[in-house]
Amino acid sequence: MKLLIVDDEELTRTGVITSLDWASLGIDEVLQADDGVHGLETARLCKPEIILCDVRMPRMDGISMLERLEKFLPDTVSIFMSGYSDKEYLKAAIKLKAVNYIEKPFSISEIETAIREARELYTQKVHSRRGETLHSMETASRLALQLTLPYGSNSQIIEQLSSELGLTMNASTYFTSFIVKTDLFLDASIPSMTDFYQEFLDFLESFHMKCIYLEKKMQYLVYFLFSQNEPTSRQLQSVNTYLCSHFAEIGHYSMACGDTVYGLSKAYQTYTSAVILLQSSYFFPENTLLTSALPDESPDVQSNIFSDSPATAFADALSRLDQTSAENILQKLYTTFYKNHRFLQNPVKDLYYKLFLCLEDARYQQKIAGSGNIESIAETIDDCFTFPELHQTLINKTKEYFSKAENTSQENPTIFLIKDYISKNYMNETLSVKDISSHVFLSTSYVCTFFKSETGQTLNQYITEYRMEKAKQLLKDARFKITDISSRVGYSDGNYFGKSFKKYSGLSPSEYRERNLQ
């Protein structure tokens, strides 16, 4: 814990600081200030759990300081000390729930006892407040869930929950919803959304707005802002900026702001308008906020865009090794889908799945060892947070295909089959030379000798190199944890993976990531 001493007498502060064994009292840091104004500033900045404070000081006395401090540090415990037997000050101290009131001159044992009592009281207050906060958060979440449903049969539930929270929601209330799509829930290192919610409430207070929120399906955060006065466009812009800056600091997101509606019965409408906007967010760059105020510049929809035509034309260009035609097809698709409000993401993902399959088929025809299997294609698509990311991934794979097709001389068919099998099974920890030899219908000893004579590498060297290069690709994406990457490339033992990676690259996985994410 941190303790702040506020006293205008330097000798008193120094005497207390040097006389006590702070570690034995559970105090890690001792701060000091010479009057109430500086004490308030230090408390705001450092948030001490305990304050040892003189009553009478210039500029701002201890009582006034603690009255203000209680508004932003309600759990902080105060100990008053004074050389004056002033009953009025004593009454004020009792009113502020000071844990103790020590008269100067005081003994060291007196202060030690008071600090121990203050530590116990602080712990009790925090536990109590956490319990109250959790209950309040659960109730607020239940209320927010009701607002995502059409108003009618749930009106009594809404009334009961809002009454329990002391909130006013009626026909004269304005509602605006925000929905954030994120995969932050999958990362244990991300700060608690509950902590941010408290900060958000403090931010909204200056606009006379309140908020309740709900976490849905491990991917969505739904915020309902409400007030008795209609929010101005400037206020909503401030909220937009605040939310965007917060989520940009901790990861990628897509966000939608629904229409502002008037009246409790229409709260559901602001939610549905945000849902519709959020469906379109997939086609925008990550960290984009969509509002109904933004103009819809969606390009005209091609009637045959989901037919077999794009996939057939793409496959034909790949088989003819016509890179220009293939890239033109992809560019037309990008122009059609990018920032287009008229599409849903699943049909577009299905189309791109077909295009990835075309690449796999062409790679096989050209006898180019692949980058994965059918399951990994689906995984690649799911890993892409937005359409621009998905499209860029397909472009990269397409360029890789043409580069390999141009630079690779016709490989021995058996070597191709071996490399292709490894590309589809490298993520399996149990992959062995025996599995590979069975796949190509040759003996284990012959496969090893043959592969070495054709490539200059042993099979195990090639497998390790293939896995390490895959690990390098994954390490460049901050969304993947290093422990997950090790299992993705066939290592169940994270420590062994780390040693193997360092031996291969000269850097540990974390060092490689840090260097490539700068």
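This short talk covers a helix pair and a cavity in one predicted model.

Because the model is predicted, local features need pLDDT of at least 70 and side-chain atom pairs count only at pLDDT 80 or more, while totals for chains, interfaces and linings use all residues. Residues are numbered from 1 along each chain as its sequence is written, and side-chain values use heavy atoms, with hydrogens and water left out.

I begin with the helices. Helix H2 spans residues 36–46 and helix H3 residues 62–72; they pack at an angle of about 15°, with axes 10 Å apart. That makes H2 roughly parallel to H3, a term for angles under 35 degrees. Which residues make the contact? On H2 they are Gly36, Gly39, Leu40, Ala43 and Arg44, and on H3 they are Met65, Arg68, Leu69 and Phe72, where contact means heavy atoms within 4.5 Å. By class, this contact has five nonpolar, two polar and two charged residues; Ala, Val, Leu, Ile, Met, Phe, Trp, Tyr, Cys and Pro count as nonpolar, Asp, Glu, Lys and Arg as charged, and the others, Gly among them, as polar.

I turn now to the cavity. A cavity is a set of points on a 1 Å grid over the protein atoms alone where a 1.4 Å probe fits but cannot get out, and its lining residues have an atom within 4 Å of a point. The structure holds one cavity of 30 Å³ or more. The largest cavity is lined by Tyr174, Phe175, Thr176, Met209, Leu225, Phe226, Ser227, Pro231 and Leu236. Of these lining residues, seven are nonpolar, two polar and none charged.

Conventions: Axes are lines fitted to C-alpha atoms, for helices over the stretch in contact, and angles run from 0 to 180 degrees between N-to-C directions. Helices (H or I, at least four residues) and strands (E, at least two) are DSSP runs, numbered from the N terminus. Angles under 35 degrees count as roughly parallel, over 145 as roughly antiparallel, 65 to 115 as roughly perpendicular and the rest as oblique. On a 1 Å grid over the protein atoms alone, a cavity is a set of points where a 1.4 Å probe fits but cannot get out, and a pocket is an open set with protein on both sides within 12 Å along at least five of seven lines; lining residues have an atom within 4 Å of a point. Grid points are joined across faces, edges and corners, and a volume is the space filled by probe spheres set on the points.
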